[in-house]
Amino acid sequence: MKEATLNKKIEQVQEIVSELNASKSAVVVNVIGLTVEQVSELRTNLYNAGCKLKVIKNNIIRRAVKDAGYEGLDEVLVGPNAIAFSTDTQVAAKVLNDFAKNNELVEIKAGIIDGQVFNGQEVKALAALPNKEGMIAMLLSVLQAPIRNIACVIKAIGEKEEQE
């Protein structure tokens, strides 16, 4: 192999390693069979959500993943793959999952989220969860429920006493 080609591959691996380290999530997806318009739409959706989609050779991905310290992705890195990088743990998974609902050809294969490797089903399950703000709102609602119920009971007692 020529030295220039080898250096280019080393640079690509280093670029992906730095991208993995800078991202909170990286989702591996198969986009084979999509039209150019569909891939452009997916890229636009990801870009608007603050994510990047890169199509990278599997050997480069394997080396980068290994250099970054992750294991368990070798079996999914077969065939054409793209990786969506995000600085949010959930955004890339949500965008890809929503896009996959309308396009059966899109397959979420795996993901690295907050330093852990997840399979495709686990990534889809994560995408189905509400975001952090939604979870906080749900928690606050649950915490407020007992106080709200007490207030309703006290109000009802007061109204009943006024009627009597």
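I take helices (H or I, at least four residues) and strands (E, at least two) as DSSP runs, numbered from the N terminus. The model is a predicted one: local features need pLDDT of at least 70, side-chain atom pairs count only at pLDDT 80 or more, and totals for chains, interfaces and linings use all residues. Numbering runs from 1 along each chain as its sequence is written, and side-chain values use heavy atoms, with hydrogens and water left out.

**Entry 1: S86**

I looked up S86 and found it in strand 3. Is S86 buried or exposed? S86 has a relative accessible area of 2%, so it is buried. Buried means under 20% relative accessible area, exposed over 50%, and partly exposed in between (1.4 Å probe, protein chains only). I then listed contacts, meaning heavy atoms within 4.5 Å. Leaving aside neighbours within four places in sequence, S86 is in contact with S23, K24, S25, C51, V91 and A92.

**Entry 2: N103**

Next I went to N103, in the loop between helix 4 and strand 4 (107–113). N103 counts as buried because its relative accessibility is 12%. Its side chain reaches the backbone oxygen of F99 at 3.1 Å. With neighbours within four places in sequence left aside, N103 is in contact with L34 and Q38.

**Entry 3: nonpolar cores**

I define a nonpolar core as a set of buried Ala, Val, Leu, Ile, Met, Phe, Trp, Tyr and Cys residues joined through side-chain atoms within 4.5 Å. The largest one has 21 residues, of which V27, V29, L42, L46, L53 and L96 touch the most other members. Two or more residues each come from strand 1 (25–30), helix 2 (36–48), strand 2 (51–55), strand 3 (82–86), helix 4, strand 4 and helix 5 (120–128). Helix 4 gives the most to this core, 6 residues. I checked L42: beyond its neighbours within four places in sequence, L42 is in contact with V31, L53, L96 and F99. A second, separate core has 19 residues, including V13, A26, V28 and A110.

**Entry 4: the cavity**

On a 1 Å grid over the protein atoms alone, a cavity is a set of points where a 1.4 Å probe fits but cannot get out; a pocket is an open set with protein on both sides within 12 Å along at least five of seven lines; lining residues have an atom within 4 Å of a point. Grid points are joined across faces, edges and corners, and a volume is the space filled by probe spheres set on the points.

How many cavities of 30 Å³ or more does the structure hold? I found 1. The largest cavity has a volume of about 50 Å³. I16, L20, A26, V28, I61, V65, L73, I83, G111 and I112 line it. Helix 1, strand 1, helix 3 and strand 4 each give two or more residues to that lining. I sorted the lining as 9 nonpolar, 1 polar and no charged (Ala, Val, Leu, Ile, Met, Phe, Trp, Tyr, Cys and Pro count as nonpolar, Asp, Glu, Lys and Arg as charged, the others, Gly among them, as polar).

The largest pocket holds about 240 Å³ of space. It has 11 lining residues; L6, K9, V13, I60 and R63 are the closest to its centre. Helix 1 (3–22) and helix 3 (58–68) each give two or more residues. The largest share, 5 residues, is from helix 1. I count 5 nonpolar, 2 polar and 4 charged residues in this lining.

The second largest pocket has a volume of about 170 Å³. Its lining is D88, T89, Q90, V91, K94, N131, K132, E133 and M135. Helix 6 supplies the largest share, 3 residues.

How values were computed. A polar contact is a pair of N or O atoms within 3.5 Å; within protein, one must be able to donate a hydrogen and the other to accept it, and residues adjacent in sequence count only if both atoms are side-chain atoms.
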